[in-house]
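Biologist: Could you take me through this model? I would like to start with the packing and then turn to the charged pairs.

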Amino acid sequence: MSQLIRHVITGLGMVCLYLPSYAQQKPAYVPPRQYNSYQTTTPLKIDGAGNEDAWSKATWSDDFTDIEGDKQPTPAMRTRMKMLWDQENLYILAELEDQHIWATLHQHDTIIFQDNDFEVFVDPDGDGEKYFEIEINAHNTVMDLFMNKAYRVGGDALMTWDTRGIQTAVQIDGTLNNPSDKDRKWTVEMAIPFSAFAFFNEGLTPKDGARWRINFSRVEWDTDIVKGQYVKRKDPKTGKPLPEHNWVWSPQGIINMHAPEKWGYLNFISKPAGAAPVTIKLPAIEAAKEYLWDVYARQQQYRRKNGRYATNLQELGITNTNIKEQGVSYTLQLEGITNQFTATLLDKNSKPHCSINQEGKISQNSSNE
């Protein structure tokens, strides 16, 4: 199955999983994970070793979890990552424990997730549109793509997009494609130029305090050793390979990586790696956005039933429009016509603060919190 078909299917499945019941005002909010990335004052050698002083001072992330979070068992193998940055690049170092490391694909932009792989998802402005995906296997083969919008609203993967200037390296602590021994881990190192995420010459080099949406996924297939070769384990009833495991840094809660609103947060700190840790509290609006996603889900359900979008919140069964998160008060409003809608959270001064439309695009003005 091609990656595009795979993601479209999971995207459609996500709609049913994500829809709350009409009796529910707001889904339970589980804050996405955060990672504070500090700066490196010297360029890093991308060799997969990650042995520079700056890397030793960078903090490992929390261990990866199942994509659905606590709904599923803890992953059988440990995965974790670190990040650093300078004025040119975002640096990523990932460590994937594995006793049997294998890979088969060598050609750029082949469907890398057919092998075990490590995946990066980046939405620099956090609007749920115009985001990027990079996948890499143990052969250091890369697949990268650009999404104009999510699959659930008809987005197309632009496979011709390349992460210009990217540097990647993989180191194997063990032996690749050798089932006769036990391996320990493989390590991925990347330098991703900020310029690769820019269009129309728009600069995207972050400043101190900038916040991006980001997530990481590890695809892991169950395998058996057959005649000295790794073979994907099959379902005896169907004869097809068992579904892959999806282990992620910040749990999605659903089996779909193409829901950018559920990704974690990358905070850029201009202090050098090793500086005193900075604690960053997510603004109240981030939790309040769950009310917008509740409206979005109800609108999709309403349209399937009625052939149009609701024009007011009452039609969606929402009667409480006064929202309070972390001591900040918002008012929830909705404007809609047959094929379009905009739901908005307004702050106490009645200034538009954050909104969502029928395509799941988040628009947000500067915060006054």
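The conversation below covers the cores, a sheet with its helix, and the salt bridges.

Modeller: Please note that this is a predicted model, in which local features need pLDDT of at least 70, side-chain atom pairs count only at pLDDT 80 or more, and totals for chains, interfaces and linings use all residues. Residues are numbered from 1 along each chain as its sequence is written, and side-chain values use heavy atoms, with hydrogens and water left out.

Biologist: Which residues touch the most other members of the largest nonpolar core?

Modeller: They are Met83, Ile92, Phe118, Val188, Met190 and Phe216, in a core of 49 residues. Such a core is a set of buried Ala, Val, Leu, Ile, Met, Phe, Trp, Tyr and Cys residues joined through side-chain atoms within 4.5 Å. Buried means under 20% relative accessible area, exposed over 50%, and partly exposed in between, with a 1.4 Å probe and protein chains only.

Biologist: Which strand gives the most to this core?

Modeller: Strand 4, residues 89–97, with 6 residues. Strands (E, at least two residues) and helices (H or I, at least four) are DSSP runs numbered from the N terminus. A separate core has 25 residues, including Tyr296 and Ile323.

Biologist: And serine 217, buried or exposed?

Modeller: Serine 217 is buried, at 0% relative accessibility, and belongs to strand 11 (residues 211–220). Its contacts (heavy atoms within 4.5 Å) include Phe64, Asp117, Trp247 and Met257, leaving out residues up to four places away in sequence.

Biologist: Changing topic: in what order do the 5 strands of the open sheet run?

Modeller: The order is 16-17-18-19-20, with antiparallel pairing. Two strands pair if DSSP finds at least two bridges between them. Strand 16 (322–325) and strand 20 (362–364) are at the edges with a single partner strand each, so one side of each has no neighbour in the sheet.

Biologist: How many bridges join strand 17 to strand 18?

Modeller: There are 6 between strand 17 (residues 328–336) and strand 18 (residues 341–346). In one of the pairings, threonine 331 has leucine 346 of strand 18 as its bridge partner. Helix 3 (residues 284–306) packs on the sheet, and its direction makes about 155° with that of strand 18. Here axes are lines fitted to C-alpha atoms, for helices over the stretch in contact, and angles run from 0 to 180 degrees between N-to-C directions.

Biologist: Why is helix 3 described as largely enclosed by the rest of the structure?

Modeller: Because 18 of its 23 residues are buried. Tyrosine 291 lies in helix 3 and is buried, with a relative accessible area of 11%. Just after the helix, glycine 307 takes a positive phi of about 75°.

Biologist: Now the charges. How many salt bridges are found in the whole structure?

Modeller: The search finds 17, a salt bridge being a side-chain nitrogen of Lys or Arg within 4 Å of a carboxyl oxygen of Asp or Glu. One joins aspartate 294 to arginine 298, with the closest N and O atoms 3.0 Å apart. Both residues lie in helix 3, 4 residues apart, about one turn of the helix. Aspartate 294 is buried at 1% relative accessible area, and arginine 298 is buried at 1% as well.

Biologist: What about arginine 233 and aspartate 224?

Modeller: They form a salt bridge whose closest N and O atoms are 3.0 Å apart. Arginine 233 is partly exposed at 33% relative accessibility, and aspartate 224 is partly exposed at 31%.
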